Amino acid sequence: NPLREIPNSSLHGINDSQVAGKPPISAVLPRLFSFIGNHTVVGHRVVFDLFALSHEARRTGLALPLDTSNHIDTKRLSVHYGAPNLTLAAMDAHFDRTGHAQTRFHTAADDVDASVGVFGGLARGFGTSREMFDVLSRPVRAKSLPFGK
């Protein structure tokens, strides 16, 4: 609960009634940081999310225990395959193996579901997570999206 009116509800699908009575960010962040621990954070344009968490931690006077460099951004990883302009929805549809690609986006749960599928598809091109981090640590070279098994 941001304790203020939520702007742009039509964009992200979150409205004031959904957060009414929920705890404020200052109560949620410590639990979230504890849950994440020292694990790698994976997401689509995840740098934005990490920036938002860092901003909220500073704003509320909380320490930010996350290593914000420990992340895998599926948007940036898609550039490695020569697909820098694909949206999360397009990548989710591309990697969908169930015939049930996400149709809604911008809610946290929907974006997480889509990001998991996209990450799984993009990760097939790597033998280890270290290989993926190595690619992401340098300018990426374009090649095709991974198809098949």
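**Core and helix packing**

Reply: M132 touches I72, L77, F119, A123 and F126, leaving out residues up to four places away in sequence; contact means heavy atoms within 4.5 Å. This is a predicted model, in which local features need pLDDT of at least 70 and side-chain atom pairs count only at pLDDT 80 or more, while totals for chains, interfaces and linings use all residues. Residues are numbered from 1 along each chain as its sequence is written, and side-chain values use heavy atoms, without hydrogens and water.

Me: How many residues are in the largest nonpolar core?

Reply: A nonpolar core is a set of buried (under 20% relative accessible area, 1.4 Å probe, protein chains only) Ala, Val, Leu, Ile, Met, Phe, Trp, Tyr and Cys residues joined through side-chain atoms within 4.5 Å. M132 is one of the members of the largest core that touch the most other members. The number of residues in this core is 15.

Me: Is α3 parallel or oblique to α4?

Reply: Helix α3 (residues 25–36) and helix α4 (residues 46–59) pack with their axes 10 Å apart, at an angle of about 125 degrees. Angles under 35 degrees count as roughly parallel, over 145 as roughly antiparallel, 65 to 115 as roughly perpendicular and the rest as oblique. Therefore α3 is, relative to α4, oblique.

Me: Which residues does R45 contact, leaving aside its neighbours within four places in sequence?

Reply: R45 lies in the loop between β1 (41–43) and α4. Leaving aside neighbours within four places in sequence, the contacts of R45 are D73 and K75.

Notes: Axes fitted to C-alpha atoms, helices over the stretch in contact; angles between N-to-C directions. Helix = DSSP H or I, 4+ residues; strand = E, 2+ residues; numbered from the N terminus. Buried < 20%, exposed > 50% of the residue type's maximum accessible area, 1.4 Å probe, protein only.
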